[in-house]
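Subject: Structure handover

Hi,

Here is the structure I promised to pass on. Please have a look, then read my notes below.

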Amino acid sequence: MARFPRPAEGTWTEHYPELGTKPVSFHDSVSPEFYELEREAVFKRAWLNVGRVDQLPRGGSYFTKTLPGLRVSIIVTRDRAGEVRAFHNVCRHRGNRLLWEGTPNGESCGPARQLVCKYHGWRFGLDGACSYVHQEDEFFDLNKDELGLAPVHCDTFAGFIFVNLDREPRSSLREFLGPMVGALEGYPFDKMTERYSFRAENQSNWKVFSDAFQEYYHVPPLHTHQLGPTPEAQNPNYPFEGAHYQIDGPHRMVSTDGTYKHLWPKEHLYPSETLTRSGSTGPWEAPDVGETPGVNPSATPRWGIDNFQVFPNLEILIYERKWFITYRYWPTSHDTHVYEGDLHFVPANTPRERLAHEYAALTYKEYALQDCGTLDGTQMGLEQGAFDEYPLNDQEILVRHFHKTVGDWVDDYRRERGGS
Ligand code: FES
Ligand SMILES: [Fe+2]
């Protein structure tokens with residue numbers, strides 16, 4: 001038996017008639033031309049998450065962030081007044097990449113009184129203003145006040161820092177996020193500052209990997225043991241169902257009961273889980289973080305995980321046990337992308353808590369590898385061009401919505417440019 005019922009009437013997909021139920025083309029995942037369009041139409045127009053405010057602990061903190069595939073590096077600062085700002089990481093003098101460590105591709109972060117160019121020593125404040133020009137009187141009619149860093153539109157939501165590379169963003173960040181994601185405003189993300197970061201360069205289109213996290217239809221065959229040690233759950237034909245699917249504008253979410261938490265503490269898959277009191281859904285003991293608004297929007301009783309997919313390339317997985325993961329996908333060509341995964345916990349107070357966090361991070365890598373393992377194969381298969389369209393079932397509603405949304409943004413861009 002499936003764990004969760006379908007909606008009382010119809011199917012998840014039919015609740016959103018604009019999606020249709022027809023087979024879907026994945027041409028958008030194999031076409032170099034589409035990739036070029038997508039970069040302009042989606043990534044240079046949407047709000048993009050570049051980090052969290054806890055990476056800027058005080059006035060005078062900064063970090064750099066390269067946006068893979070966009071040929072853009074930005075500096076995110078908290079200025080003396082406490083305001084979070086973003087600038088192109090480019091010196092106003094002769095265009096040198098301003099801040100880097102090791103090599104010009106290396107990220108840099110820390111506290112700083114000034115941002116100093118390594119080339120001729122110009123300096124800039126954390127507010128982007130030019131504060132020092134070496135041998136200033138040798139220049140011609142130079143006005144330092146007009147030579148600040150180039151600002152990038154920047155705003156924060158629930159501690160997530162977003163930038164927008166458009167000259168004039170079409171909407172404010174808050175309008176863009178809409179009510180479903182906006183409901184997470186008061187969630188205590190700010191208490192979860194112990195971070196474990198992972199990065200991988202993958203041989204697939206970014207959407208192919210994102211698709212793998214938008215449905216749980218693949219769980220019984222691919223993550224068989226995630227469902228628990230019972231013979232019933234170990235059957236790869238086990239009919240696993242997500243509990244709730246929701247769409248709001250370009251954004252999506254799915255709730256599930258996660259894993260076999262209803263079985264613990266009686267049965268575990270590995271002895272190490274019992275030893276560390278942790279596993280794929282995180283530490284068994286959840287810290288007290290107070291209210292958690294915005295999660296489990298359908299109030300499903302066996303709730304374990306929400307997966308919010310914030311268009312275009314951010315996913316926020318929020319666990320009932322009071323921790324969260326973010327995924328970000330940065331396309332670098334039509335068939336490659338950079339994947340960033342970050343786990344966030346309430347900082348450990350004891351060695352046992354720390355061990356539980358470390359074990360959850362290890363387990364996460366195992367599941368991510370399982371998901372990664374099919375990526376090249378899917379990309380190769382799609383590129384072979386054997387089929388024009390592919391059938392999607394009701395549990396794959398978010399895959400359907402994702403590709404439709406990217407296509408709609410690209411169509412809008414083409415229309416605005418008068419092309420077909
Ligand atoms: S390029 Fe930065 S000071 Fe000259
Ligand atoms: Fe998976």
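How many disulfides does the structure hold? The count is 0. Keep in mind that this is a predicted model.

Some background on that count. A disulfide is a covalent bond between the sulfur atoms of two cysteines. Take Cys 154. The closest cysteine sulfur to its own is in Cys 109, 17 Å away.

Cys 91, by contrast, is buried, with a relative accessible area of 5%.

Now to Gln 214. Where is Gln 214 found? Gln 214 sits in a loop. Helix H3 (206–212) comes on one side of that loop and helix H4 (219–222) on the other. Gln 214 is buried, and its relative accessible area is 0%.

Which residues does Gln 214 touch, leaving aside neighbours within four places in sequence? The contacts are Arg 252, Gln 309, Gln 395, Leu 398, Val 399 and Phe 402. With Arg 252, there is a polar contact between the two side chains, at 2.8 Å. The side chain of Gln 214 also makes a polar contact with the side chain of Ser 210, at 3.4 Å.

Leu 382 is 168 residues from Gln 214 along the chain. Their C-alpha atoms are separated by 18 Å.

Best wishes

Methods: Residues numbered from 1 in each chain as written. Chains lettered and ligands numbered in written order. Predicted model: local features only at pLDDT ≥ 70, side-chain atom pairs only at ≥ 80, totals over all residues. Heavy atoms only, no water. Helix = DSSP H or I, 4+ residues; strand = E, 2+ residues; numbered from the N terminus. Buried < 20%, exposed > 50% of the residue type's maximum accessible area, 1.4 Å probe, protein only. Contact = heavy atoms within 4.5 Å. Polar contact = N/O pair within 3.5 Å; in protein donor to acceptor, adjacent residues only side chain to side chain. Disulfide = S-S within 2.5 Å.
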